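Visitor: Could you walk me through this structure, starting with what you mean by your terms?

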Amino acid sequence: MTTNRSEKPLIRIVDDNDSLRESLAFLLECEGYEVAAYESAEEFLIKDAPSRIGCIVLDVRMPKMSGLQLQERLNELGTPCPIVFLTGHGDIDMAVQTMKDGACDFLQKPIKQETFIPAIERAINKDRQARAGATDIIHERHVLASLTPREEDICRLVAEGLTSVLIASRLNISKRTVDVIRSAALKKIGLREPHELADFFKRVTEKGRPSY
């Protein structure tokens, strides 16, 4: 997934309180943000555009699907967009659990501008960093796909710390052949040290970030 870093962030407000939803939207628009407002978690899941950088301003208690259930659903889908939770009924245990599950902030109603806007900014920065990392992973997976099966085999053995002599013995080929293939493969990847290759293979085999 690629993103335009100059794209204006989209703030999603998910709250069943019409007046609060409208007042928060007005406040954010005055700060220069683009806003999408949803009256339910279900509407959000149907209509939201997950490719847009931004965050979710999410009410904890809503009919049918609660804010906590929506957070759980997004984590299951692999789309953990940063969340700023709002609640008038929150307690310490609830706040701790939402933060463990990836929430950025947990704010008590009534909302204060001096704490709300900084929370939004932190959430957006978190999303930018996460998406930049996702873009890097996509590039690295393209690099991995460019390797021949033999190049990948040799690189994975290098990542395990094996020398060219040991790799040659393991694959039943000459050391010179190993050196030639190893040199070409490492040039494609842009890495040389075994620990760097080990980190590379760990990253490219981790689960990506799909859409809803």
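Guide: Contact here means heavy atoms within 4.5 Å, and helices (H or I, at least four residues) and strands (E, at least two) are DSSP runs numbered from the N terminus. The model is predicted, so local features need pLDDT of at least 70 and side-chain atom pairs count only at pLDDT 80 or more, while totals for chains, interfaces and linings use all residues. Residues are numbered from 1 along each chain as its sequence is written, and side-chain values use heavy atoms, with hydrogens and water left out.

Visitor: Ok, which residues of helix 6 meet helix 8?

Guide: From helix 6, Arg150, Glu151, Ile154, Cys155 and Val158 take part, and they meet Val178, Ile181, Arg182, Ala184, Ala185, Leu186, Lys188 and Ile189 in helix 8.

Visitor: And at what angle do the axes of helix 6 and helix 8 cross?

Guide: The axes, which are lines fitted to C-alpha atoms over the stretch in contact, with angles from 0 to 180 degrees between N-to-C directions, cross at roughly 90 degrees and come within 9 Å. Helix 6 and helix 8 therefore count as roughly perpendicular (65 to 115 degrees; under 35 is roughly parallel, over 145 roughly antiparallel, the rest oblique).

Visitor: Switching topic, how many disulfides are there?

Guide: The count is zero, where a disulfide is a pair of cysteine sulfur atoms within 2.5 Å. Cys81 is in none, and its nearest cysteine sulfur, that of Cys55, is 6.5 Å away.

Visitor: Is Cys81 buried or exposed?

Guide: Cys81 is buried at 6% relative accessibility (buried is under 20% relative accessible area, exposed over 50%, partly exposed in between, with a 1.4 Å probe and protein chains only), whereas Cys30 is exposed at 53%.
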